[in-house]
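Me: I have a model open and want to learn to read its features one at a time. Can you take me through them?

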Amino acid sequence: MLTKLFDFNLNSVTESSLWRSTDYGATYQKLNDKVGAKTILSYLYVSPNNKRKIMLLTDPEIESSLLISSDEGATYQKYRLNFYILSLLFHPEQEDWILAYSHDQKLYSSVEFGRRWQLVHEKVAPNRFYWSKMGLDKEPGLIHLETSISEGQALYVTCKLQNCTDANKGKPFPGYIDPNSLVVQDEYVFVQVSTAGRPVYYVSAKRDVFTPMKLPKYTLPKELHVISTDENRVVAAVQEWNQNETYNLYVSDTSGVYYTLALENVVSSMGLEGNVMVDLYEVAGIKGMFLANKKTDNQVKTYITYNRGRDWRLLQAPNRDLRGNSIHCVLPYCSLHLHLHVSANPYTSGNIASRESAPGIIVASGSIGSELTTSNVSVFITSDAGNTWRQIFDEEYAVLYLDQGGALVAIRHTPLPIRHLWLSFDEGRQWNKYSFSNTPLFVDGVLGEPGEETLIMTIFGHFSHRSEWQLVKIDFRSIFNRRCTEADYQTWHLHNQGEPCLMGVKRIYRKLKPTSRCVMGKTYSVTMTSAPCDCTEADFECDYGYERRTDGKCSPAFWFHPSSMSRSCTTGMTFLNSTGYRKVVSNNCTAGVIAEYTARRQHCPTQAPKGLHLVTSEGRLTATLGANVTFLVFLEEGDGARTSITVDFGDGHALTYSNVSSIEDGIKHIYRSVGIYRVTATGENSLGSETTTLFLHVTCQLEHIHLSAPFVAVRNKEVNLTAVLHPSQVGTVTYIWWIGNNTEQPVITLEGSVACTFSREGINTVTVQVSAGNAILQDRKTIAVHEYFRSHLLAFSSNLDEHNPDVAEWRLDVSRVIRNALIQATGVREDLLLVTVLPGLPTAAEFFLLPDKQLTEGKPEKSSTHLDQLSELLLTALNQNLVQFTLRPGVQVTVYAAHLSAAPLVDTSENHSGSAMLMLLSVVVAGLAVFVIYKFKRSQASTSMRRCRTTKNQK
C-alpha cells in the first residue's frame, strides 16, 4: 500500500511511504528503506496477470525511475528512466509486456516488465494506444495507436512491438482521421473523419475494411461515444443536432454498421477529467439488462430493459417504506428512480452496485416520486433483478458485497466520523449493527481483501483532520461457523413482471437461500441453466431504416428506401432482403415467428450504377501541391463487381478500373500545378452509367506578401495598388482592402490590383489582407496625398548595397536617415520634404518636395517658383556630394542625384518581378533635370475619401 503526504502550502507531495501486509491487514511493515528513504513514490501498479509482480513509479519532479518487485513487494530493484511516465498499459495476457506513455507524447514498450524500454512511436495521442487482441489481430505483439500529424489531422497506425519502422507500419484506415477519435474495443475499431464541418464515423469489425456507421439519416450527430461492444454488438450514445445535455442510445447489428434507436434523451454529466458520463448502467450477472435515466418533460426518470434496449419500462416503487408504512405510488405517475453513477475510485462506493457472482441483487441510491431528486435520497435493493424493490436505509450508505454476495456490508456516507457498520446475511432484509472502532473515524475508503473466502475488509481514514492515517481490519470469518452445502441453495427463475422468456431463453439460477448463514467461499461459481423459447415479435427490434409505430409495427422511415439495401449486390449472387425487423443480438429464441420476421434471401437485381460518390480520403476539397491526394469512390446501388470506374483527374491524366472492389483502398494522384481541377468519376456497366464530379483546389503555402504602392500621390489622380505574392501562384486567393481612412467597409476582390483616387490631401493608410487556404497575411503602406509636388530619384555609393537586406523595416529606417541628411545639408524644412527608399537592388530612393502653402497661397505660379527654388537647392547639394550619412562605423554613404534615368513604371527587382508600380517620372531635357509641376483641375467636391476599381495584373 502506498501513502503520500501532500503539503498544501507547497502544493506538492513532500513524503511517501510504502507498506506491506502479509496477514490481510492485521499488521503492516514499512518498506521505505527498501526503496530509498528519501525516494518519493507517485504510483503503484500490480501486474494483472501475475499478482507477485509490482511496479512503483517515482515522482518525476524529483527523479524519473521505477522500482520492480517479483516477490509480492518484499524486495525491489531500481531502474533509471530517460523519460517521464504518465500512464502504463499492461498486456492482457503477456505479464511482462507493458506500454508506457511519456509527457512528451512518446510511446515506449517493454517486454521485460519495465527493466528495458524501447521507443515505439512519437506524437502519439494520449490514451489512444491499444494492445492487439488474440484471434483478431495477426500478431500478438501488434500495437494500435493514433499519431498526430497536425493540429487537425491524425493517422491510425499499427506497429510491431519491437520493430515499429516505416516499413513495418500498417495504416488500416486510408487517410487522415480526426484527433483523439481512435477507439479499439473488443472486435471493433472506430475512427472519426470530419467532412465540411460534419463528423463521419467509421467502424471496422473483426479488423475488416472500414465502413461508415449508418445512423438514421437525420440524426446529424454532434458527438458519439461508444458505450459497450460486448456480445458482438455496439451500444453508442449519440448527441444529436437538437440536443445539449442528453444523448440518444443506438444499438447496432453484429457488423457495427447499422444502428437503430434504443432510448431517447438519456441524461449525461461531466466527469472529473472532462469526460462525458452517460446515465446508463449495465447490470452485472444478467445479460441484456440495463438501467438508464431518461429526461422527459424536464423530469428525469429511471427505466429498465431486459432485452438490450428493445423494450423499456419504469421501476415499480416498494409497497412499504423502511418503517413498514404503505407507499402510495402508482405507475406511470410515480415510480422508483435511481442514481446510476459508478465510482472511478476503487476505494469508494458509487451510487449503484451489482456483481457477476450475485445475479439478481442490485443495490442503489435513489428516490420515489415523479422524478429523480438529489434530496431525500434512500438506499434500495432488489433480489429479483428489478421486479420488486425494498428500502433498506433512509440515508446514503455504501454497500459492499462479501463472500461473493452471500453477505452485504453497509457503511454510512457522511462527512462526520462514525464507528459502526451494518451486516446482512439475507439479501438486505435484516441488518445487524457492529462496531468497528472505539473512537469515531472519518472514513475515506474501504479495501476489499482478495482472501480465500473474501470475508476480510479494511477501513481506512483518520480520527481528525490533523491525525495520521488509521487502518482498521475487519475479519468476518468468525461470524460464520460452517461452509454452505447443497441444502443451502435454491433455484431462482429470472423474469420480467412474470414473463420468463427473456432474450429468447428461460434462465434458472442457483442462489443461496436468504435464511442460510454459511460461507460460500472462493470455489463457489454461479450456476445457470437455460431452455430456448419460441420466437415472438418481442424478440425482434426494428431493422435499420425502420421505425416502430404506435401500433408496435416496424415501418420504413420517410427517408429510407428498402431497395437500397441491395447496393453491394453482385449479379448472380443473393442478398438478405429485410422484413423491417432483425433479431436482437444474442437473443437465442427458436422457431415461432422466426421465419416471418427474419430477412429473406433473394437474388441480387441487375441494375445500372446509381448513387456514385467521389470524395477525398480527408473529406476536403483542397490539396497541397506535390502531395498525394487519395480519392475514394463509393457506389450505392449497382453491380460493383461488373461496374468499371474511370477517374479523370482534370489535369490530363485518367485511370480506369475494372470494378469498384479493386479501388477500396482509394486512388492516389499527385498534382504538379496550382489550380482548380474538375475531377470526375464515371461508373459504367452494360445497363447504363453515372458520373459524379468534384472540384478540387490545389494550392501551395503563401509565404509572404508585399503591397506595392506609391509613396506620394496626386489628389484626384488615379494610382495603382498591387499585392505581390510569394510564391506568385498559390491557388484561389481573396484580397481584402482597407483604403484611406475609412476602415469600416473593406473592398473584397479576386484580383491582386486595385486603382484608386484620393480626393483629400493628407496621409492615407492602405491595408491589404490576402487569404489563401488556411493562411491570411497582411501588409500596410501609407500614401501622402498632395495637390502639387516635385520628385527626383536618388542614387547611392555602391557600399550601401552590401548592407541592404531589402526588407521594409530597413528601407523605412534608411529613408529617415537620408531625409535628415538632406535637411542638414540644405536647411529645407521637415514638413516640405519626403523621402522613400525603393525595393530591390541596386539601392535607389526618391525624394518629394512639397510647396509651403502659406507662402504660395495655393496658387500654381507661386508654387512653381517656390518648388524651383527648393529643387535647385537640393540638386546643388547632391551634385556637390554634400549629402552623406554614416550607416554604421566605417561605412560612409554618399547620396547623389540620379541623372538620365526615369523612375520605372514597373518595378523589375527580383523580389517583385511582374508587379505594376506607378511611380512619378523625372523628365530630363538637354542633360539638365527639369522638374514638372503636376497640376490638375479640382473635380467636383466629393464626400468620399477615395474611389477604387479593380485592375487585372499584366502578365
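Me: Which residues are linked in a network of salt bridges?

Reply: Side chains of opposite charge can pair when their charged atoms come close. The cut-off here: a salt bridge is a side-chain nitrogen of Lys or Arg within 4 Å of a carboxyl oxygen of Asp or Glu. In this structure, Arg233, Glu541, Asp543 and Arg582 are linked in such a network. The model is predicted: local features need pLDDT of at least 70, side-chain atom pairs count only at pLDDT 80 or more, and totals for chains, interfaces and linings use all residues. Residues are numbered from 1 along each chain as its sequence is written, and side-chain values use heavy atoms, with hydrogens and water left out.

Me: How many salt bridges does a search of the whole structure find?

Reply: The search finds 34 salt bridges. Take Arg715 and Glu787: their closest N and O atoms are 2.8 Å apart. Arg715 lies in the loop between β59 (712–714) and β60 (719–726), and Glu787 in the loop between β65 (775–786) and β66, so the pair ties together parts that are 72 residues apart in sequence. Helices (H or I, at least four residues) and strands (E, at least two) are DSSP runs, numbered from the N terminus.

Me: Are Arg715 and Glu787 buried or exposed?

Reply: Start with the scale. Buried means under 20% relative accessible area, exposed over 50%, and partly exposed in between (1.4 Å probe, protein chains only). Arg715 has 8% relative accessibility, so Arg715 counts as buried. Glu787 is buried too, with a relative accessible area of 7%.

Me: What about the salt bridge between Asp488 and Arg482?

Reply: Their side chains meet at 2.8 Å, N to O. Asp488 is buried at 6% relative accessibility. Arg482 is partly exposed at 36%. Now look at Arg429 and Glu427, another salt bridge, with the closest N and O atoms 3.2 Å apart. Arg429 is partly exposed, with a relative accessible area of 44%. Glu427 is buried at 11%.

Me: Next, disulfides. How many does the count come to?

Reply: A disulfide is a covalent bond between the sulfur atoms of two cysteines. In a coordinate file, look for a pair of cysteine sulfur atoms within 2.5 Å. By this rule the count comes to six. One of them joins Cys159 to Cys164, with 1.7 Å from S to S. Both of these cysteines are buried.

Me: On to helices. How many residues does helix α3 have, and how far does it reach?

Reply: Compare the reach with an expected span, which is 1.5 Å times one less than the number of residues. Helix α3 (residues 808–826) has 19 residues and reaches 27 Å from its first C-alpha to its last, close to the 27 Å expected. After α3 comes Gly827, whose phi is positive, near 80°.

Me: Which residues of α3 are buried, and what do they pack against?

Reply: The buried residues include Trp810, Arg811, Val814 and Ile818. Contact means heavy atoms within 4.5 Å. The partners of the buried residues include β58 (704–708), β66 (790–796) and α5 (860–879).

Me: Last, sheets. In what order do the three strands of the open sheet stand?

Reply: Two strands pair if DSSP finds at least two bridges between them. The order here is β50-β52-β55, and the pairing is antiparallel. β50 (610–616) and β55 (667–670) stand at the edges, each with a single partner strand, so one side of each is left without a neighbour in the sheet. Strand β52 (residues 628–637) pairs with β55 over four bridges. Val629 stands opposite His669 in β55.
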